[in-house]
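Good morning, colleagues, and thank you for making time for this presentation. I shall take the pockets, the strands and a few individual residues in turn.

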Amino acid sequence: MKLIVGLGNPGRLYEHTRHNIGFDVIDKLAENMNIPLSQAKFKGLFGMGNIGGEKVLLLKPLTYMNLSGESIRAIMDYYDIVNEELLVIYDDLDLPVGKIRLRERGSAGGHNGIKSTIAHIGTQEFKRVRVGIDRPKNGMQITDYVLGRFSKEEQAVIHDVISKCADACESWLNKPFLQVMNEYNQ
């Protein structure tokens, strides 16, 4: 069983903001895999499907970003999911818009959702897809920036990136993660 989690904040106010790119990728995966996100449980919204003989869980924690680990820990405990079967998708200020980076482990890098995840699962050893949102320009506060929406110019790029991230996640269902990393970290 594999668990794919997209980080974000619940509610219409935060829909399609930079910080919610993880939610957007999960929505795309749910559409591609025909897995409805119809169950509210584990402090999140999730769906389960069977893709090529592999049971797959998709999760959007509804705890707000800074407490994402609570939801992830709850679903991992219930379904007895090990860290090797967890993939977390989230926004990254240190990558330019349109760039993705897959990793098998690492620090939180200042991302509060990842800090919470590490604290609740007790390790930095889990797969992740970092989605570039770039850093704010002109002295804009980081909080305002990440909770803001993408510009018109960025939206076309982000649409493609969401599809690319979904493709990478789907590839992981059939291939070793290292191979997926080599394909998508170009």
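Before anything else, a term that I shall need: a polar contact is a pair of N or O atoms within 3.5 Å, where, within protein, one atom must be able to donate a hydrogen and the other to accept it. Residues adjacent in sequence count only if both atoms are side-chain atoms. Please also bear in mind that what you see is a predicted model.

The term applies directly to Glu-153, a residue of helix α5. Its side chain makes a polar contact with the side chain of Ser-151, at 3.2 Å. Is Glu-153 buried or exposed? Its relative accessibility is 62%, and the threshold for exposed is over 50%, so Glu-153 counts as exposed.

Of the elements, α5 gives the most, with five residues. The lining includes Asp-24, Asp-27, Lys-28 and Glu-31, and also Gln-155, Ile-158, His-159, Ile-162 and Ser-163. His-16, Arg-149 and Phe-150 are lining residues as well. By class, this lining divides into three nonpolar, four polar and five charged residues.

I turn now to the largest pocket, with about 500 Å³ of space. It is lined by 26 residues, of which His-19, Leu-93, Gly-110, His-111 and Asn-112 are the closest to its centre. At least two lining residues come from each of β5 (86-92), α3 (112-121), β7 (127-132) and α4 (142-146). How is this lining divided by class? Seven of the residues are nonpolar, 11 are polar and eight are charged.

His-19 sits in the loop between β1, residues 2-6, and α1. With a relative accessibility of 13%, against a cut-off of under 20%, His-19 counts as buried. Its side chain is joined to that of Asp-91 by a polar contact of 2.9 Å. Beyond its neighbours within four places in sequence, His-19 is in contact with Leu-7, Gly-8, Asn-9, Met-65, Asp-91, His-111, Val-146 and Leu-147.

Setting aside neighbours within four places in sequence, Asn-20 contacts Leu-7, Gly-8, Asn-9, Tyr-14 and Glu-15.

Helix α3, which supplies part of the lining of the largest pocket, has its own buried residues: Gly-113, Ile-114, Ser-116, Thr-117, Ile-118 and Ile-121. Against which elements do the buried residues of α3 pack? They pack against α2 (68-79), β5 and β7. Just after the helix, Gly-122 takes a positive phi of about 80 degrees.

Finally, the strands. Strand β2, residues 39-41, runs antiparallel to strand β3, residues 44-51, and three bridges join them. Within this pairing, Gln-39 stands opposite Phe-46. The hairpin of β2 and β3 has two residues between the strands, and there Phe-42 takes a positive phi near 60 degrees.

Strand β3 also pairs with strand β4, residues 54-61, in the antiparallel sense, over eight bridges. Ile-51 has Glu-54 as its bridge partner in β4, and Leu-45 has Lys-60. This second hairpin likewise has two residues between its strands, and Gly-52 takes a positive phi near 55 degrees.

In what sense do β1 and β4 run? They are parallel, joined by four bridges, and Ile-4 has Leu-58 of β4 as its bridge partner. Strand β4 is mostly covered, with seven of its eight residues buried.

Thank you for your attention.

How values were computed. Residues are numbered from 1 along each chain as its sequence is written. This is a predicted model: local features need pLDDT of at least 70, side-chain atom pairs count only at pLDDT 80 or more; totals for chains, interfaces and linings use all residues. Side-chain values use heavy atoms; hydrogens and water are left out. On a 1 Å grid over the protein atoms alone, a cavity is a set of points where a 1.4 Å probe fits but cannot get out, and a pocket is an open set with protein on both sides within 12 Å along at least five of seven lines; lining residues have an atom within 4 Å of a point. Grid points are joined across faces, edges and corners, and a volume is the space filled by probe spheres set on the points. Ala, Val, Leu, Ile, Met, Phe, Trp, Tyr, Cys and Pro count as nonpolar, Asp, Glu, Lys and Arg as charged, and the others, Gly among them, as polar. Buried means under 20% relative accessible area, exposed over 50%, partly exposed in between (1.4 Å probe, protein chains only). Contact means heavy atoms within 4.5 Å. Two strands pair if DSSP finds at least two bridges between them.
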